[in-house]
Amino acid sequence: MNTVRALVLTGYGLNCDNETAYALRLAGFDAHRVHINALIHGSVNLSDFQMMVFGGGFSWGDDHGGGVIQAVRMKTNLGDKILEFIDAGNLIIGICNGFQTLVNLGLLPGFDHDYTRRSVALTFNDCGNFRNDWVTLKVIPESFCIFTHGIDRLELPVRHGEGKFYADPPTIRRLIDDQQVVLRYAMPDGRPADGKFPFNPNGSLYDIAGICDPSGRIFGLMPHPEAFNHWTNHPDWTRIKENNKRRQAKTESDPTVGIQLFKNAVEYIRNGSIK
Amino acid sequence: MAYRLEIALKSELFDAEGNGIRQKAKNYFGIDLVSVRCIYTVTIDADLSEDQLRTIQTEIFTNPVTQVSSFDPLDLEFDWTIWVGYRPGVRDNPGSTAVEAVEDILGITFGPGQAIYTSKRYCLKGNGLTEEDMDKIAAELLANDIIQQWKIFPADKWNPAQGTGIIIPKVILDHMPTVSTISVDSDSGLKKISDERGLALNPADIPFIRSYFLDAEVKASRASVDLSDPTDIELEYISQARSDHCNHNTFRGLFRYLDLETGETEVVDNLFKTCIETPTLTLKDKNPWVVSVLWDNAGVGRFDSNHYYVITGETHNSPSNMEAYGGAITGIVGVYRDPLGTGKGSKLVMGSYGYCVGPRDYNGALKPRLHPRRLLDGVIEGVRDGGNKSGIPTTFGQVLFHPGYMGKCLVFVTALGIMPAFIGEEPSETKKTSPGELIIMCGGRVGKDGIHGVTASSETFSEHTPAGHVQIGDPYTQKKMHDFLLEARDQGLIKFITDNGGGGLSSSVGESARFSNGCEVQLEKVPLKYQGLDQWEIWVSESQERMTVAVDPAHLERFMELYTGKLHITYNGRTCAYIDMDFLTSGFPQWEFDAQWQTPERRGLYEPVLKEPRDYETLLKNLLSRPNICSKEWIVRQYDHEVQGSSVIKPLVGADRDVNSDAVVIRPVIDSKKGLVFSQALLPAYSAIDAYHMTSCTIDEAVRRLLAVGASFDHIGGVDNFCWPSIQFHPQDNPDGKFKAAQLVRSCRALRDICLAYAIPLLSGKDSMYVDGHLTGPYGETHKVSALETLQFSATSVIDDVAKCVTMDGKMPGDLVYILGITRNELGGSEYYEHLGYVGRNVPHVFPEEFTDLYRALGHAIDKEQVASVHGIYRGGLGVHLAMVAMGGNLGITVDLGLVPSDPLDRNDIILFSESAGRFIVTIDTENRKIFEEIFKGLPCACIGSVTHESEFIIKGIHGMPLINIPVQELKDAWKKPFGDLI
């Protein structure tokens, strides 16, 4: 089968690149960790890849807002190349710090195919602190995001201090109406968290945890799918395992739903669509 | 020209930081603020055009969706406004990333002296706020005068056009670097200079140092490089290398131990050799998994056939005690350089923390520099930013409150790394420098910061301690260096690597050069933050985020003349230091201590006269609410414990993911099913009775924590971190010094005994003495406050298949509850006694030969997957830890104390709250009963009840009477109450 190549950015304080590349490989990608400078100086070419990953971390220490300086660097040095990459029908995913970077670049929400305008923001958690916890996420059924295809609900860890999704009311309205909202923080039973802490861990408006662009090919989310790369990453795994043992049921094994998000991407790139 | 940009959240956005300040002002000082809004200020000290300023304002510093900004003061409402900025020379991380961004977007380069500085302005509203209120909020909440300056403006004195004015905290040292020589014609003269310069030279060392510089041969060879008397840089080098922190003079000292009870005397020559080095080397010979110990920056153990794991633990007490945030972040970022500088370098995979501070709600008369509550907030945040921004999971931690830590707090930081067994053909754990190699310093720049940090931490804290050594770590810079060095390692470029920590270049280059037996250092090549540093300052500065590396030079022969046996430092070609490499190892006088042991009996300790309580329900709830027992989830959740995607057993487990796990497990090699297990223990309360048993119980607890999650008993490595009050006797200043010295000797003996019994090599370890402080009292008098003798023990092991790991939470209704191990009458130093205001005398003992079989059996049961949950019984005893198992599963538990394996005991409180070592609570599926009991045949193991559907926690007393019957949720509420509303 033809290989599907993904580029995972590294350097300048990014720190999830190893496990992200690992998770992508599990999903079937030929994943490469590429230093931001290698891309800027042209020793690596974006056009040799089908997916670009803005991963988690603290790019430039997050000193002037999460993802802000990374976005500036990218825009100044690679702006056009990234736009070409999008026009060529490729995929982009931004996770946590990567999501913050995408919204600061303007790649999201990408209203009216304008991939340069900042119209939404990820700002300081209402709880006033960095928070590491697992959350339940509800996938909006109408969403045409290619990554979440066939998934109804999932659990993933959040690990951020600036994850509150914020925009003015008309913008939020439009995201909802245009079905660009992909993931919402939810109660364990799948109902919307309705802003309730800690289910909605940061005070995001409309419980928004992830959005995509109008094409569904650019996806940003605060939670970390790559951190659920093995079934023992799940906080309840010892309970689930014991439960299954009693029911003589086999304990679920890989791939996890975290990997499934990336498998969808592989399938989309291979078939140009998703079944 | 300088410009000041003020940035704030749009008024419709909730200001979380401001709200946090509002709450703290209320909770800490009872000051009612209506609102607090924060303004971020960026001061640009560079010539930029209008357009350039607009560009960076809109593209970098202002988010159009959430923020407003202006080069004039922002017009936010306030009754008072407080501006807080750094003092000159203090590390301003956002300032330097701002420069990076501005240079990139404008395509310019900042010239020398041009810079960007960040600061904050807080807009406070409230009724009847006074200037005193503002001073308090500024000095005790918003800023620390050691690193920060502030200005307070009332609304009516505010000039809306000028605002705060433009403040530029630029370092200007109008100073020509000079090397000065120091006369050594008399001991008293040198002692005087040592005191003046804060060299902290040991009086006993002074004659020896003089004799070296007065030696005819030495004089002749020094003359050949135009040196006579020692230079300041040479004495600084000696001072750093001889400091207790670097040289461990206390542990290598000579102890005259006298047991006043038996009259037994013993001379212990070098605690390090006899109790740490010798046992560890013996164990290393027997255990091939022990790869490298006792010489490098960290210890090395085998993880699997292709990988080694690396571990070390440090403390950063003195700096944290002065500036909690800066001290703690510098500590965690600093300890992360140790594995990076071990062997040819290892990747960081995990970190942990331990904080010992005064009571969070202290309201007594003593005045510590920082209130324990504020100090704790600061260290929590420092380790949070240091760990999270390094991309290293902080997976484990402990917090302990005790008034003894008000003199000096303890901040433990531990780091684990992983490295391939081989770099190309070469073993990764070995390294050496050879003549001809180049010494390279990489990472951050050098400034005045951190000068005399090492010597300061080798002294008792007082108001005279120089604040100069307090600084702020920069995880961002270090993360870049970390990624770069691992690249260089994998390309085989690194011959030798070590970190620049305490002592700066002085110790890192000093160490490196011992292998090559000599070095030449060109000091003018060191990159500086600003000009004007003296040579000796460049040499000893502890500016962070630096490593020292040795690499092959392009032209080897050019450097061959280096092989001189000298440490040779030049500055612009002129020699400023020239010392024999072997000088420091050439028989400096050994430190000596008198140690006098008085048994607890002799010290008048006895068991309290105490009759059984009646209300066990309230008692249990109150114990669960005690600061050292209760939930501290708010700290755990601030730490990223899942980055790197390797998390298997997390710090918090159970149905609600809110109860503390016994230990943590990660997959450091992400595509392998093998796990690395880690735990720590801290039991200083037992030192009030006998530091021998404090030590043995601490080690036993750390070991049981590992076993509880399924770790192998045959692969345990240890790290000892001693934190001790001064042990040098002085009739006025340290009258009980001889006793504290005896406690140290006993502690080391226990370390030796238990580690040998459990076959635990000490992969790494550190000691931090002088955990004392002098606090001012209500009448201006000062009190010496000393910490309990404290040992933090860290333990690691492996598990072949992480899928076999177990957690502590009760899993299924109907499961049987077993107790492993014997409960004894050992309430001495217990949480229960402490709660009732007693110490007691029956401190718990460890019986390794008895425990070992039980531990192996448990390992067998877990490996055969016969258990549903395992939890050790630790501080608080059986009652508290049965509650933990129930709270973990959100399930009821019904047990009968009469069935608990124990010495003949006729009291419920003893069985419930004794802290006897060697015990576990295990729950199992009834199906497994036969096999499980078979495994524990002939060992102390009994079924005492079961896990239940009902949500009640039910305990039947030894004579059958009901003791406790209470909803599990009520226990959990009590356990969460003290810190429950902190986030």
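The model is predicted, so local features need pLDDT of at least 70 and side-chain atom pairs count only at pLDDT 80 or more, while totals for chains, interfaces and linings use all residues. Residues are numbered from 1 along each chain as its sequence is written, chains are lettered from A and ligands numbered from 1 in the order in which they are written, and side-chain values use heavy atoms, with hydrogens and water left out.

**Stop 1: the largest cavity.** Select B:Q398, B:V399, B:N628, B:K632 and B:R705, which of the 39 lining residues are the closest to the centre of the largest cavity. A cavity is a set of points, on a 1 Å grid over the protein atoms alone, where a 1.4 Å probe fits but cannot get out; lining residues have an atom within 4 Å of a point. The volume of the largest cavity is about 770 Å³, taken as the space filled by probe spheres set on the points, which are joined across faces, edges and corners. The count of cavities of 30 Å³ or more is 13.

Next, display β13 (394-401) of chain B, one of the elements that each supply at least two lining residues. The largest share of the lining, eight residues, comes from β13(B). Helices (H or I, at least four residues) and strands (E, at least two) are DSSP runs, numbered from the N terminus. The lining divides into 22 nonpolar, eleven polar and six charged residues; here Ala, Val, Leu, Ile, Met, Phe, Trp, Tyr, Cys and Pro count as nonpolar, Asp, Glu, Lys and Arg as charged, and the others, Gly among them, as polar.

**Stop 2: α25(B).** Select residues 877-889 of chain B, which also contribute to the lining of the largest cavity. In α25(B), 13 of 13 residues are buried, meaning under 20% relative accessible area (1.4 Å probe, protein chains only). Just after α25(B), B:N890 takes a positive phi of about 50°.

**Stop 3: B:S869.** Move to strand β35 (residues 869-872) of chain B, where B:S869 is located. B:S869 counts as buried because its relative accessibility is 1%.

**Stop 4: α12(B).** Finally, select residues 324-335 of chain B, a helix of twelve residues. Eleven of the twelve residues of α12(B) are buried, so this helix is largely enclosed by the rest of the structure. Among the buried residues are B:A324, B:I329 and B:V335.

Notes
1 Å grid on protein atoms, 1.4 Å probe; cavity = no way out; pocket = protein on both sides within 12 Å on 5 of 7 lines; lining within 4 Å. Buried < 20%, exposed > 50% of the residue type's maximum accessible area, 1.4 Å probe, protein only. Expected span 1.5 Å × (residues − 1).
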